[in-house]
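Okay, thanks for coming, everyone. I'd like to walk you through one model today, so let me put it up on the screen.

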Amino acid sequence: MKKARIELQGISKSYYSETAVTQALRKVNLIFYDSEFVAITGESGSGKSTLLNIIGGMDTFDEGEMFVDGSPTFQYDDEDWEEYRRTKIGYVFQDYSLIGHYTALDNVMSALLVMGVEETKAQETAMKYLTQVGLDGYETHRASELSSGQKQRLSIARALAKDTGIIVADEPTGNLDSETGQQIIRLLSELAVDHLVIMVTHNYDQAEAYVTRKIRVHDGQIISDVGVNENAENDREQAPVDVVEKRSDGQIQRDRKWENRLARLFAMRNRKTQKGRAVMFTSFLLVIAVASFLFVGELFQHRDDYYTRNYSQSAFQREDMRRLVVKRSDGAELTQEDKDALKKIRYVESVDLWDVADDINFYLEEGQDYKYVYSDPSRRRRFKEDSESKSSDGDSSTATKTLTFLNENRYMKSAEAISEKDLVAGRLPVSQNEIVLYSNDTSVLDTEKLCYFMAKNIWDANQYYSMNVKIVGILKETSTQVYFSTALCRSLASALDSDEFRLMYKYDKSYGDYRIKRKMIPIISEDLNGVEARVSAALEEGPEAGEVPYTTQPRNDKGDLIGEKTEDVLFVFPQAQGHASTSDFIEVSKDFFEQYYQKQSTQASVYIANYAKTDVVLRKLKRMGYEGISSYRISVIDYNQEKVSQRLTIIGISAFGLFILLLAEVLILRSLMKIRIKDYFVLKFIGMKMNIIRKISYFEMGSYTIFAVVLTMAAMWVLRLAGVPVICEMMWYFNFAAYLSYFAYNGLLIFLTVLFFNRLLKGRLNA
């Protein structure tokens, strides 16, 4: 006995437009049974295709009821209809509705994968049905490469593969020649042995010899329903009503995982079979990724407004954004262990334990850092030195040599900041007058140069000191920085980090005290011993050399005498040539210096790789028990309006650029994705859930975005390694928050793009 598969009771369907209502079906009553080959005929516009679409679950009805295997469908929601199309219906269309860029095997496998068949099993089953319809050997051909007859056979193979029991065919021979059409009709009749086959056709004569039932539709109504060529039993029974079970939470979770897996599989297949489109999408997204990277980088680079302010040298003479000034929280002296600990901090490049010396200018190259100007004695500037010279007539005369400093942007660093591995030749400084510098000529080793020193924020503005320095090491890396001995840095920095030292002379008995108590800056001289000292010949109002002794009174920072008042006598010698200085310097022996001045530093300069990492390093220092400040931040004062305007302009352009990129991607990419709508129609008709169809776009476009983002980041790192200045500086500001913002922005772009596309897709598929 034949089983009723589909029953229509009073089905009506109308289509609405702005000006009219068209009734496509009117009170249709039909019952379809297993093993029938039904031909639905009628002129164009009669409603036959609408009837087929309702039976196939591709369209809804307005009135009446449709029973499937005895179960009513009035309560069906979108998911139920998706399940109906997936498990009950196989489709054969006039236009074949194949996915052209898929192979024949992929098209058939798609139907099986939608049914939940495992991929390997789906491939085996698809091959069996391709063989059944005569397409063995064509499995690797793209559907777009097949002939019309082969495409229709492929469409039938896909419908068969679903093994649904019901096959609906809409004009399956409409685009075929008569001979090929006859072959397709014969194939469908063979399938009707164990399937219900319902076919809409304009050419009934071609199918007349094969169909078992003919239904004629006119103006939305059934005007005839007759059996033909019936060889099967006429007894028919109503199928029992199926009970629809509610899905458990566990089943829902398993379904979601399966849906995600299936969506990823189809997304991967789209990338594989449409390489040209994949390249187009990826290229477009790559442009978006690069532009957004630059805009996000600019925003993070210009978050900090410190650089828009003017720098004041009142606190720190050296203007270096990378410099941090560090002390121990307990105020103790800094040791080698502290230096080693500081150097291990990420982003720290070097540590100079003698921080104060880093604000002392040095002038090493005559003509570049300083020069001498010979002029009239009445026009002397910072110091005067008598020298013998010959006039044009051969007479001797006194000439004036005036020292002028040219380059005030070179500052000392102690050799504590480097190690032997930083040298390509020579060694680190040991003696006070030894230095290390960069040169491409190693012959400069062991040569001497005259070097001047000035520290406007440590000494008085016009105070300077000079000495002959010896080059003992050559740096590997090109640099204008010169590294001086620790001993020299310690001496020159003593004015700030040690007790006060005064030289008292011009004792007045009537006054009972020294009328002149000059504050002196001590410099260690290795050729002096015990209580010997040497002062500048330019010392005003001083005694003649060796004539009257000076008395020293070391005092602490409060002005109190250190220990008992003594009358230690220092033997005075004028400074030798090559050690010219202003009169506030006194050269002392090492023993004397060690007795009255501290041996270690309590403050270090820590130089980081880039200013962008200032806060990161400062937080780390605090956790390690140190106190640190940025010498740059505490030295900037009022805003520079030009820099402020420039910063705001860059921020505005970057923010507007990100907004424009969002609009461009959503509008342009959404338009490009419309090319895929036909493919999604096919997937819907073979039973794929709309939820999976939506996810395919997310997975596919998401993979293109991820590739574009990763490629952009790789390219930026390559440019950074190549030393491109703009990229190098920007990359320093790409911290965790910046990368997160970058990823989130590109993720948001693709999410919104696919979201709007899916809304468009839903409207098209449901139209």
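Let's start in a loop: T582 sits between β31 (569-574) and β32 (585-588). Is T582 buried or exposed? T582 counts as buried, because its relative accessibility is 13%. Buried means under 20% relative accessible area, exposed means over 50%, and partly exposed is in between, with a 1.4 Å probe and protein chains only. From T582 to Y465 is 6.7 Å, C-alpha to C-alpha, although 117 residues separate them in sequence.

Some housekeeping before I go on. This is a predicted model, so local features need pLDDT of at least 70 and side-chain atom pairs count only at pLDDT 80 or more, while totals for chains, interfaces and linings use all residues. Residues are numbered from 1 along each chain as its sequence is written, and side-chain values use heavy atoms, with hydrogens and water left out.

Now the whole protein. We have 19 helices and 35 strands, and of the 767 residues, 50% are buried. How about contacts, meaning heavy atoms within 4.5 Å? Taking those between residues at least 6 apart in sequence, 78% join residues at least 24 apart. The accessible surface is about 36800 Å², and carbon and sulfur atoms account for 50% of that. Those areas come from the Shrake-Rupley method with a 1.4 Å probe, and for residues only the protein chains shown count as cover.

Next, helix α10, residues 336-343. Which of its residues are buried? They are D338, K339 and L342. They lie on the same side of α10, because they cover an arc of only 100° around the axis; that arc is taken from the directions from the helix axis to the C-beta atoms. What do these buried residues pack against? Their partners are β13 (323-328), β14 (348-352), β33 (604-608), α14 (614-623) and β34 (626-630).

On to charges. There are 29 salt bridges in the whole structure, where a salt bridge is a side-chain nitrogen of Lys or Arg within 4 Å of a carboxyl oxygen of Asp or Glu. Take R5 and D69: their closest N and O atoms are 2.6 Å apart. That pair links distant parts of the chain, with R5 in strand β1 (residues 2-16) and D69 in the loop between β4 (63-68) and β5 (71-72), 64 residues apart. Both R5 and D69 are buried.

Here's a local one: R86 and E83 form a salt bridge at 2.8 Å, N to O. Both are in helix α2 (residues 78-87), three residues apart, about one turn of the helix. As a reminder, an α-helix has 3.6 residues a turn, so residues three or four places apart point the same way. R86 is buried at 12% relative accessible area, whereas E83 is partly exposed at 30%.

Then there's E365 with K449, a salt bridge at 3.3 Å, N to O. It too links distant parts of the chain: E365 is in the loop between β15 (361-363) and β16 (370-375), K449 is in strand β23 (residues 448-454), and they are 84 residues apart. Both count as partly exposed, E365 at 24% relative accessibility and K449 at 26%. Finally on charges, salt bridges with shared partners join R5, D34, D69 and K88 into one network.

Now the rings. The structure holds 27 aromatic pairs. Rings of Phe, Tyr and Trp (its six-membered ring) pair if their centres lie within 6.5 Å; planes under 30 degrees apart are stacked, over 60 edge-to-face, and the rest tilted. Y91 and F93 are stacked, at 5.4 Å centre to centre and 5° between the planes, and both are buried. Y91 also pairs with F685, with centres 6.0 Å apart and planes at 40°, so that pair is tilted. Y91 is in strand β6 (residues 89-93) and F685 in helix α16 (residues 677-685), 594 residues apart. Y91 is at 2% relative accessibility and F685 at 14%, so F685 counts as buried. Elsewhere, Y363, Y370, Y372, F405, Y452 and Y464 form one aromatic cluster.

That's my tour, so over to you for questions.

Terms used: Helix = DSSP H or I, 4+ residues; strand = E, 2+ residues; numbered from the N terminus. Contact = heavy atoms within 4.5 Å.
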